[in-house]
Amino acid sequence: MIDARLTLDPAFRLGPVDRRLFGSFVEHMGRSVYTGVFEPGHPAADELGLRTDVLDLAREMGVSVVRYPGGNFVSNYRWEDGVGPRESRPTRLDLAWRSIESNQFGLGEYMAWVRRLGAEPMLAVNLGTRGLTEAVELLEYCNYPGGTALSDRRVKNGDHDPYGIKLWCLGNEMDGPWQIGHQTAHEYGRIAAETGRAMRRLDPGVELVACGSSGRHMPTFGSWEATVLEQCYDQVDYISLHAYYEERDGDTASFLGSAVDMDAFIDEVIATADHVKARTRSGRKLRLSFDEWNVWYQQRFGGEASLEWRPTPRLIEDEYSVLDAVVVGSYLISLLGHADRVSIGCQAQLANVIGPIRTEPGGPAWRQTTYWPFALTARLARGDALRVEPESPLTDTAAYGPVPVLTAAASLDLQAGAAALFAVNRSLDEPLTLTVDLRALPAARLRTHRVLADDDLRATNTQADPDRIVPRQLTGRVDDGRLTVSLPPASWNVLELSV
Ligand code: AHR
């Protein structure tokens with residue numbers, strides 16, 4: 001038996017939990033769009049061809065922001081191909097994923113979908129094969145009310161009111177040699193600064209995200225952020241982070257500990273951004289947009305070069321286990337634990353392509369295991385994030401050295417009289433007894449303790465058995481201002497408290 005403890009105290013306030021932390025991502029890739037969110041002719045499709053079964057699941061999941069249209073795809077995308085009458089839209093080759101793109105889903109469909117979902121749009125502009133001019137033209141099409149060529153084109157295409165899109169990504173993963181139109185940090189920093197400046201002239205209300213590194217493992221990580229931000233710090237509001245993890249060579253302990261890498265990545269980007277703030281004497285503090293994160297079994301993907309030119313291929317449709325869900329829960333804990341600087345998070349992606357939602361063409365949609373930690377965190381993390389300062393034993397991992405067995409984060413919404421504690425026990429074989437000091441919240445009571453865990457860590461949800469893995473309820477007790485609960489081995493837990 002192992003023990004850990006932490007404290008919930010309203011005085012240890014980290015910052016408000018931004019709803020944008022619970023974002024997702026829809027890219028023109030594989031079956032993310034086609035037969036994912038969009039499938040005309042499907043029994044659940046609405047008049048636009050949007051799958052209402054997927055919309056319902058995404059709504060239930062609490063998705064707050066959806067990044068679109070890529071990803072790598074955006075760096076060779078012409079947004080004009082996806083607007084106007086569907087019958088006259090061109091079919092193109094997508095160089096990013098060697099796919100044949102019909103353009104039957106485009107900007108208007110995305111905006112209708114995101115509105116039906118009740119989420120906020122987040123659009124990426126192509127700074128790979130295109131640049132400043134096209135970015136400003138796209139912004140004019142989207143946000144200018146009317147009376148100009150491009151805004152009138154939107155009106156003519158059926159959208160009278162401007163879209164009012166606030167969040168814009170200045171390109172995607174421009175540090176990656178795989179990116180179409182990949183640039184050096186110096187080149188990209190200049191383009192990002194000038195594109196941002198021009199976009200703000202058109203619409204001063206936009207919030208701009210500069211591309212950070214595609215991962216902490218990139219050889220240019222750190223210097224990329226510093227060089228890019230030296231040039232565009234005052235033109236942007238966020239710097240992006242992307243991270244994907246997988247279990248490698250059966251090393252489950254390292255995989256369970258991988259959120260420590262995410263924590264370090266965030267801390268290092270904050271340090272780099274603040275270094276540039278000091279050097280440029282800027283009065284603004286940059287925030288972070290973790291706009292791609294997830295478990296992705298990249299070793300199973302043969303890479304783009306292995307693909308054949310096809311429309312809507314089945315690409316990276318990872319089937320997630322309960323272990324993957326526990327790890328996904330630990331990434332959400334990492335984001336919440338940095339709520340003072342990370343304002344946007346997008347799990348990549350939403351449907352089929354490494355998604356928490358799976359669909360079959362003409363068939364059902366179901367929740368993968370990874371759906372659950374996202375949905376419950378999005379629903380219960382409200383109000384302010386709290387510092388919880390866990391005291392935990394350590395466990396050795398080959399990839400990350402010693403990591404705490406317990407990782408945890410909490411939120412407190414005093415107005416609603418609710419608190420939530422999110423916790424992962426990383427031990428593979430021992431339950432963990434967690435003691436929560438609640439003396440600063442004397443009226444606190446445990447409402448529910450839900451857990452994701454299973455004797456079979458490899459169990460998944462499938463079309464035949466879509467509810468094999470769902471959260472289970474456990475109990476706990478409060479004595480003398482201390483709550484004691486037992487967290488099963490390799491489990492993700494959420495404790496809901498009334499306070
Ligand atoms: O989400 C899949 C891909 O991962 C995205 O297109 C890209 O931005 C990242 O490398």
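Reply: A residue counts as buried when its relative accessible area is under 20%, and as exposed when that area is over 50%. Keep that cut-off in mind. Note also that this is a predicted model.

Begin with helix α10, residues 371-380. Nine of its ten residues are buried, so the helix is largely enclosed by the rest of the structure. Among the buried ones are Tyr371, Trp372, Pro373, Phe374 and Leu380. Domain 2 covers residues 18-380. Domain 1 is made of two stretches, 2-9 and 386-498.

Now the meeting place itself. The C-alpha centres of domain 1 and domain 2 lie 30 Å apart. In contact are 39 residues of domain 1 and 36 residues of domain 2. Together the two domains bury about 3000 Å² between them. Carbon and sulfur atoms give 71% of that area. Three residues stand out on the domain 1 side: Tyr400, Arg426 and Trp492. They supply 20% of the area that domain 1 buries against domain 2, more than any other three residues.

Next, the polar side. Twelve residue pairs are in polar contact between domain 1 and domain 2. The interface also has one salt bridge. Glu247 forms a salt bridge with Arg458, and their closest N and O atoms are 2.7 Å apart. Strands of domain 1 line its side of the contact: β16, β17, β18, β19, β21 and β25 each supply at least two residues that touch domain 2.

Glu496 pairs with Arg450 in a salt bridge, with 2.9 Å between the closest N and O atoms. Glu496 sits in strand β25 and Arg450 in strand β21, 46 residues apart. Both Glu496 and Arg450 are buried.

What lies between the domains on the nonpolar side? The largest nonpolar core has 132 residues. Leu107, Trp113, Trp168, Tyr188 and Phe290 have the most contacts inside it. Helix α9, residues 322-336, gives the largest share, eleven residues. Both domain 1 and domain 2 give residues to this core, so it lies between them. There is a general pattern here: in soluble globular proteins, nonpolar side chains tend to be buried together.

Zoom in on Trp168. Leaving out residues up to four places away in sequence, its partners include Leu123, Val125, Leu138, Met199 and Val206. A second, separate core has 25 residues, including Leu386, Val405, Val436 and Ala444.

Gln183 lies in the loop between β8 and α5. With a relative accessibility of 9%, Gln183 counts as buried. A polar atom of its side chain lies 3.4 Å from the backbone oxygen of Gly181.

Last, look at the stretches beside the domain bounds. Arg13 forms a salt bridge with Asp384, the closest N and O atoms being 2.8 Å apart. Arg13 is in strand β2 and Asp384 in strand β15, so the pair ties together parts that are 371 residues apart in sequence. Arg13 is partly exposed, at 46% relative accessible area.

How values were computed. Residues are numbered from 1 along each chain as its sequence is written. This is a predicted model: local features need pLDDT of at least 70, side-chain atom pairs count only at pLDDT 80 or more; totals for chains, interfaces and linings use all residues. Side-chain values use heavy atoms; hydrogens and water are left out. A nonpolar core is a set of buried Ala, Val, Leu, Ile, Met, Phe, Trp, Tyr and Cys residues joined through side-chain atoms within 4.5 Å. Buried means under 20% relative accessible area, exposed over 50%, partly exposed in between (1.4 Å probe, protein chains only). Helices (H or I, at least four residues) and strands (E, at least two) are DSSP runs, numbered from the N terminus. Domain bounds come from an automatic or database domain assignment. Contact means heavy atoms within 4.5 Å. Buried area is the accessible area (1.4 Å probe) that two parts lose on being put together, summed over both. A salt bridge is a side-chain nitrogen of Lys or Arg within 4 Å of a carboxyl oxygen of Asp or Glu. A polar contact is a pair of N or O atoms within 3.5 Å; within protein, one must be able to donate a hydrogen and the other to accept it, and residues adjacent in sequence count only if both atoms are side-chain atoms.
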